[in-house]
Amino acid sequence: MATTHPSAERHTPPPREWLGAWVGLTVVWGFVFYFIKLALESFEPVQVAFGRCFLGALTLLLVAAATRTRLPRGRVVWIDLAVVALLLNTLPYLLFAWAETRVSSVLAGIWNAATPLFVLAFGLLITPWEKATREKLVGLAIGFLGALVVLGFWDLGNGGDPLGSLACIAATACYGIGMPYTRRRLVHRAEPAVSLMSGQLLMSSLQLGVLTLLFSSAPSDVTPVAAWSMVFLGVLGTGWAFLLNFRLIADTGGVVAASVTYAMPVVSTAAGVLLLGEALTWNQPVGALIVLSGVALVQGLARVPLRRTGDGIRDHG
């Protein structure tokens, strides 16, 4: 998941101007968890994460070269890019890939939908402009209740392997820390987005490259399906999706881009159930709906119902 800019929302243009990008991003990111599962047939989790970042970096570098865009310059910005890469790419990509060796792609996609909840939770601590409104706090409470339902807290075995779910939660928590950090440290910089995103994926490729060399062995039998899955994850699911997400934010101001969160679990669930034959327990879609209800409050797309006070004034409650 890419980074959004904390600027004020602008008037949303007609759907014909952004619907194609919205659908493309929803489908690509929704299928990421399906292709991770396929890639794991031949590659270890750290190799899946490395390949995704490396191919994504190559994609963005080609775009940068075509547009004659320079990479960032200066030690401070590269330190910040290394931190952002760790939080938004290296750790979550590795955690999601490892998690899918233990849980379904359906469940991983559902857990990813909770990302905005963690973004708000950590944003309240990291970014000074983030204010704790009643809707946001209620949304957090509802969202994390939904997470417990997805997990099947009354019977941990019901939601799949608990360690796999915890790895997914840790991955979304990394997004929650990394996105506010990015807003605080990088969005004010003058470099073009493709420059910063290229640097970010280069740093992540370096980090994961070291881990791959230290903790994995060369794959012995790479199937065509696994190889093409890696191409999808890197070129489309990372490089192209980063650019598409930035375009959507630039065109709509961010509200429409944020709504991708709601459609992604539908795509990832359909792919897992229909194409992989994965099971879907009742608590997973129910919990996902509760999570997304909390996300809607957090993102300002829904409000706490109004009630009438004793003196006739309506307020939130």
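Guide: A nonpolar patch on the surface is formed by Trp228, Val231, Val235, Leu236 and Trp240, which together have about 450 Å² of accessible area (Shrake-Rupley method, 1.4 Å probe, with only the protein chains shown as cover for residues). A patch joins residues with over 30% relative accessible area and no salt bridge, nonpolar side chains (Val, Leu, Ile, Met, Phe, Trp, Tyr) within 5 Å and like charges within 9 Å. The model is predicted, so local features need pLDDT of at least 70 and side-chain atom pairs count only at 80 or more, while totals for chains, interfaces and linings use all residues. Residues are numbered from 1 along each chain as its sequence is written, and side-chain values use heavy atoms, without hydrogens and water.

Trp240, one of the patch residues, lies in helix 9, which covers residues 224–252 (helices, H or I, of at least four residues, and strands, E, of at least two, are DSSP runs numbered from the N terminus). With a relative accessible area of 35%, Trp240 is partly exposed (buried is under 20%, exposed over 50%, partly exposed in between, with a 1.4 Å probe and protein chains only). Thr238 belongs to helix 9 as well, but Thr238 has a relative accessibility of 0% and therefore counts as buried. A polar atom of the Thr238 side chain is 2.8 Å from the backbone oxygen of Leu233. Once neighbours within four places in sequence are set aside, the contacts of Thr238 are Arg52, Gly56, Tyr93, Leu201 and Leu233 (contact means heavy atoms within 4.5 Å).

Of its two partners, Arg185 is partly exposed at 34% relative accessibility, whereas Asp80, at 4%, is buried.

Another salt bridge brings together the side chains of Arg102 and Asp161, at 3.1 Å from N to O. Arg102 sits in the loop between helix 3 and helix 4 (105–112), and Asp161 in the loop between helix 6 (134–151) and helix 7, so parts 59 residues apart in sequence are tied together by this pair. Arg102 is partly exposed at 37% relative accessibility, and Asp161 is partly exposed too, at 23%. Arg189 and Glu191 also meet in a salt bridge through their side chains, 2.9 Å from N to O, and Arg189 is partly exposed with a relative accessible area of 26%.

As for the whole protein, there are 12 helices and two strands, and 52% of its 317 residues are buried. Of the contacts with a separation of 6 or more, 88% are between residues 24 or more positions apart. The accessible surface comes to about 14200 Å², with 69% belonging to carbon and sulfur atoms.

Confidence deserves a last word: the average pLDDT (the predictor's confidence in each residue, from 0 to 100) is 85, and 86% of the residues score at least 70. Residues 2–10, however, have a pLDDT below 50, and the model gives this stretch 25 contacts beyond near neighbours in sequence. Residues 313–317 likewise stay under 50, with 19 contacts beyond four places in sequence.

Key: A salt bridge is a side-chain nitrogen of Lys or Arg within 4 Å of a carboxyl oxygen of Asp or Glu. A polar contact is a pair of N or O atoms within 3.5 Å; within protein, one must be able to donate a hydrogen and the other to accept it, and residues adjacent in sequence count only if both atoms are side-chain atoms.
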